[in-house]
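Reader: Hello! I am new to this structure. Could you take me slowly through a single part, the sheet and the strands that pair in it?

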Amino acid sequence: QVQLVESGGGLVQPGGSLRLSCAASGSIFSINTMGWYRQAPGKQRELVATILAGGSTNYADSVTGRFTISRDNVKGTVALQMSSLRPEDTAVYYCNANLRRRSFATPDEYWGQGTQVTVSS
């Protein structure tokens, strides 16, 4: 069984910073892409940022320059450093991993349970 466990959400004022963390655990052979997605009330889930095992990153236009994604391949963790937060960043943030549980298995997508980020004064 594979689990993704997020931490670090909370309430922050506009202009503030938060750091989200996610740890993958369980029977894992290798992790390809790791990333963060978010879903605001009444909206579809959207990509925030992704990072490949080799370190290449991709960001949504709305967070470029404000958010930074990083990962530790040894520990199986991914983090999202968020700064200059805006009220429109308010959402539930989900950790995502594309991984193999065995060496010749087809990669599968796994999701964390989500962590709430609220940006408000």
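Author: Leu18 has Met82 in β8 as its bridge partner. Leu18 belongs to β3 (residues 18–26), a strand that 6 bridges join to β8, the two running antiparallel. Strands here are DSSP runs (E, at least two residues) numbered from the N terminus, and two of them pair if DSSP finds at least two bridges between them. Please keep in mind that this is a predicted model: local features need pLDDT of at least 70, side-chain atom pairs count only at pLDDT 80 or more, and totals for chains, interfaces and linings use all residues. Residues are numbered from 1 along each chain as its sequence is written, and side-chain values use heavy atoms, leaving out hydrogens and water.

Now step back to the whole sheet. It is open, with 4 strands in the order β1-β3-β8-β7 and antiparallel pairing. At its edges stand β1 (2–7) and β7 (67–72); each has a single partner strand, so one side of each is left without a neighbour in the sheet. On average, neighbouring strands of this sheet are turned by 15° against each other, direction ignored; the axes behind this angle are lines fitted to C-alpha atoms.

Finally, follow the chain on from β8. The loop between β8 (77–82) and β9 (91–100) holds Ser84. Although Ser84 is not a glycine, its phi is positive, about 50°. Ser84 is also partly exposed, with a relative accessible area of 43%, where partly exposed lies between buried (under 20%) and exposed (over 50%), using a 1.4 Å probe and protein chains only.

Definitions and conventions: Axes are lines fitted to C-alpha atoms, for helices over the stretch in contact, and angles run from 0 to 180 degrees between N-to-C directions.
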